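Subject: Handover of a structure and the findings from it

Dear colleague,

Please find the structure below, followed by a summary of what was found in it. I would be grateful if you could read the two side by side.

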Amino acid sequence: MLSHPASSTQITHRQRLWLYVLVALVMAFLVIPCLIIIPLSFSDSQYLEFPPRGWSLRWYEAFFTSDEWLRSAVVSLKVASSTTILATVLGTLASYGLHKRAGGFDAVVRGALILPMMVPLIFVAIGAFFVYARLNLNNTLTGLVLAHTTLAIPFVIIAVGNGLASFDVNQERAARSLGASPLRAFLTVTLPQIRISVMSGMLFAFITSFDEVVVSLFISSGATSTLTKRMFANIRDQVDPTVAAISSMLVVLSILVLVAAQFVRRDGVRATDDH
Amino acid sequence: MSAAADEAPSLNVELLGADERRHRFAMFGLSVPALLLVALVLLAPFSWLTWLSLFDASGALSSENYARLLRPAYINSFLSTLEVSALVTGICVLLGYPVAYLLSQLSQRTAQILLVFIILPFWTSVLVRTYAWLVLLQREGIINTWLKQLGLISESLPLVNNLTGTVIGMVHVMLPFLILPLYSSMRAIDPVYLKAAANCGASPAQAFRQVFLPLSAPGLGAGGALTFVLCLGFYLTPALLGGGRVAMWSTQIADAVSKFANWGAASALSVALLVVTSLILLLMRWGVQRLGTSVGEH
């Protein structure tokens, strides 16, 4: 097996062994830090070691019995779900509008809408903090939702844009010619066809908001602190294993979202195969 | 009959033209809410801060804020930002290229499965990953404990709250940003070229060096530049793993605002950061286009 060529033009597997080992090491480097936090979070001591000497749920208990942690988790969930709805609606509208009219000016509009993804987060953070100070939006849920929606819109626009690129506009024209209003044609013909892209845009928007730290550091505090802001302060000031328990739950959430995205895509493939 | 047919289109053209204009206007309208939001959160503060950076503390027009950027403390932070970003990008290229290469040579199915190892960290919160590195690298952390148990070291190595920790954490965050675009650009390289090279008598190593490497250069350039630019403005990991010893551009901006409430300095720093970032992105586009055409000519 090892002496077989890796492909018709390739050297043998044995000669490439170093490559396999290197790639395995890099992948371990990438994945281990994401997963190691899960067993650590069940440790029964203040001092995190691997493998833990004793097991307990005390850090999960510490999280679920702390009003402060729970309040910030509720803030994060509220902000992330509002952001998901707002960013998906605004992003889908914009993406649809941009798709239907291709002109020189649209490149500028598209560029402006993608901008929040390109600009360093620290810049968005101090900018929002600065403008919000004048609008009394600092430390409000509205302010957080607006800032996170701005950050999430590019992801929705890209995802929905991909969907629209493979959608045949003639189907919508057919609906219009049969007397459907533009809105009805969009809702009954276009939207069902691009729903997979819209859903993956939603997942991106949710994760963008829920995991966002830097902007929240500046524009939220006290009762409106997001979960990640509280975690940041906690990590910087003391290493409290409660953060390990929260981190594990966030890792599991990421895995669930990843699996959901896979299912959405597979479902999409099946749906398009049916046609 | 023919006269009527001639007249009708001209009427229709006008109506269609008006309809087309109305349609385009309505379609533009759909982008307006999103545009307003970006204007509020991003464009308004940007213009406002740029404007502010042109005045000194007394409100007079001056270049004071930009002159301040030439002070040794700021110059040093620029240099260390460039240094850290270059180092992280270099390590990412060294580690990421072989991964992308191997994945691009495997069957689509196997590659899809292995890509999970790159996508999972990509989806995991940067804060969580940075925290994990803190737990792994700290003085009494897991890595130091293991190394001591193995008898390799007697004193804890200073792995975190310094440049080492910052670079390790940043490489972990940036690697997927390099691997994913590089992988898709390598997938697009037709294996027929490598077969042709083998037919012409090239050894696998020669075929790689003379055919694959140049063909993958545009993807590598784009991925590398993206990584470098992301490093320049990166805040979270240097702030948590640098222990205040790694002065990055982004941490300077944050300090100017949160510690000193010095908006003039923060604005000038941000404007400089944005200008440098955009210049690099423009250079990258130009470079990748040139690379692309020069490869295409061969």
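In this predicted model, 69 residues of chain A are in contact with 61 residues of chain B, two residues being in contact if their C-beta atoms, placed from the backbone, lie within 7 Å. On the side of chain A that touches chain B, at least two residues each are supplied by helix 1 (17-41), helix 3 (67-100), helix 4 (104-118), helix 5 (121-135), helix 6 (141-165), helix 10 (227-237) and helix 11 (242-274) of chain A. Helix 1 of chain A gives the largest share, twelve residues. By type, this side of chain A divides into 52 nonpolar, twelve polar and five charged residues. Here Ala, Val, Leu, Ile, Met, Phe, Trp, Tyr, Cys and Pro count as nonpolar, Asp, Glu, Lys and Arg as charged, and the others, Gly among them, as polar.

Two conventions apply throughout. Residues are numbered from 1 along each chain as its sequence is written, while chains are lettered from A and ligands numbered from 1 in the order in which they are written. As the model is predicted, local features need pLDDT of at least 70 and side-chain atom pairs count only at pLDDT 80 or more, whereas totals for chains, interfaces and linings use all residues.

Chain A has eleven helices and zero strands; helices (H or I, at least four residues) and strands (E, at least two) are DSSP runs, numbered from the N terminus. The radius of gyration of chain A is 23 Å, well over the 19 Å that the globule rule gives for 275 residues, so chain A is more spread out than a compact globule. That radius is taken over C-alpha atoms, and the globule rule is 2.2 Å times the number of residues to the power 0.38. The C-alpha trace of chain A spans about 70 × 70 × 30 Å along its principal axes. Of the 275 residues in chain A, 43% are buried. A residue is buried if 20 or more other C-beta atoms lie within 10 Å of its own, exposed if 12 or fewer, and partly exposed in between, with C-beta atoms placed from the backbone.

In chain B, helix 7 (residues 163-187) has 25 residues and reaches 35 Å from its first C-alpha to its last, close to the 36 Å expected at 1.5 Å a residue; the expected span is 1.5 Å times one less than the number of residues. This helix bends by about 35° at B:Met174, and B:Pro176 follows within four residues. The bend is the angle between axes fitted to the seven residues ending at a residue and the seven starting there. Helix 7 of chain B is mostly covered, with 18 of its 25 residues buried.

B:Ile253 lies in helix 11 of chain B and is buried, with 26 other C-beta atoms within 10 Å. Leaving aside neighbours within four places in sequence, B:Ile253 is in contact with A:Ile122, A:Ile126, B:Ala266, B:Leu269 and B:Ser270. B:Ile253 and B:Leu269 are 16 residues apart in sequence and 6.4 Å apart in space, C-alpha to C-alpha.

Finally, two backbone angles deserve mention. Most residues other than glycine have a negative phi. A:Asn136, in the loop between helix 5 and helix 6 of chain A, has a positive phi of about 55°. B:Ala261, in the loop between helix 11 (249-258) and helix 12 (263-297) of chain B, has a positive phi near 50°.

Yours sincerely
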